[in-house]
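Thanks, everyone, for making the time this morning.

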Amino acid sequence: MDLKFAVSKAGHDKDSIYVIIKEEADMVYLADGRHKPLEKPKKKNKKHIQKIEKLPKEITEVFTQENFRNEEIKRAIKLYRRRRDGLQPDA
């Protein structure tokens, strides 16, 4: 799976980070592994998100399997936040 992250730019979840699970013409389905799990993704208009284009290698390595779970999504988002905020990733 091609891993894509997005940040919500509108709505009550503004500034939340998600993994894009599925894309349609003008909609995306997003999961964060916690409030919006894979089983019940958030449906959001594409114009209300901003895709994160470049992800560090350590984040993409979390998703080495074809079938990933909510735990991997939570971990990848946590790693991304730590990296973005300049904190050291946990071992």
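**Starting from a tyrosine**

Leaving aside residues up to four places away in sequence, tyrosine 80 touches Phe5, Ile17, Ile52, Leu55 and Ile59, where a contact means heavy atoms within 4.5 Å. Before I go on, please keep in mind that this is a predicted model, in which local features need pLDDT of at least 70 and side-chain atom pairs count only at pLDDT 80 or more, while totals for chains, interfaces and linings use all residues. Residues are numbered from 1 along each chain as its sequence is written, and side-chain values use heavy atoms, with hydrogens and water left out.

Now, which residues touch the most other members of the largest nonpolar core? They are Phe5, Ile59 and Tyr80, out of 16 residues in that core. By a nonpolar core I mean a set of buried Ala, Val, Leu, Ile, Met, Phe, Trp, Tyr and Cys residues joined through side-chain atoms within 4.5 Å, and by buried I mean under 20% relative accessible area, with exposed being over 50% and partly exposed in between, using a 1.4 Å probe and protein chains only. The elements that give two or more residues to this core are S1, S2 and H2, and H2 gives the most, with five residues. Apart from it lies another core, of six residues, including Ala6, Tyr18, Val28 and Leu30. As general background, nonpolar side chains tend to be buried together in soluble globular proteins.

**The fold as a whole**

Stepping back, the chain has two helices and five strands, and from the N terminus these elements run β-β-β-β-β-α-α. Helices (H or I, at least four residues) and strands (E, at least two) are DSSP runs, numbered from the N terminus. Of the 91 residues of the chain, 37% count as buried. Among contacts with a separation of 6 or more, 44% are accounted for by residues 24 or more positions apart.

**The sheet**

The five strands form an open sheet in the order S4-S3-S2-S1-S5, with antiparallel pairing, and two strands are taken to pair if DSSP finds at least two bridges between them. The edge strands are S4 (42–45) and S5 (49–52), each of which pairs on one side only. From one strand to the next, the twist averages 45 degrees; axes here are lines fitted to C-alpha atoms, for helices over the stretch in contact, and angles run from 0 to 180 degrees between N-to-C directions.

At one end of that order, strand S1 (residues 5–8) pairs with S5 in the antiparallel sense over four bridges, and phenylalanine 5 stands opposite isoleucine 52 in S5. Helix H2 (residues 70–84) packs on the sheet, touching S1, strand S2 (17–23), strand S3 (27–31) and S5, and its direction makes about 130 degrees with that of S2.

S2 and S3 form a hairpin with three residues between them; four bridges join these antiparallel strands, and isoleucine 20 has leucine 30 as its bridge partner in S3. Leucine 30 also has a bridge partner in S4, namely lysine 42, and tyrosine 29 has lysine 43. S3 and S4 are likewise antiparallel and joined by four bridges.

Why is S3 described as largely enclosed by the rest of the structure? It is because five of its five residues are buried. Met27, Tyr29 and Ala31 lie on one side and Val28 and Leu30 on the other, and both faces are covered. S4, by comparison, has a covered face, with Lys42 and Lys44, and an uncovered one, with Lys43 and Asn45.

**Back to the helix**

Tyr80 belongs to the buried residues of H2, which are Asn70, Glu72, Ile73, Ala76, Ile77, Leu79 and Tyr80. What covers these buried residues includes S1, S2, S3, S5 and helix H1 (57–60). With 15 residues, H2 reaches 21 Å from its first C-alpha to its last, close to the 21 Å expected at 1.5 Å a residue, where the expected span is 1.5 Å times one less than the number of residues. After H2 comes glycine 86, whose phi is positive, near 80 degrees.
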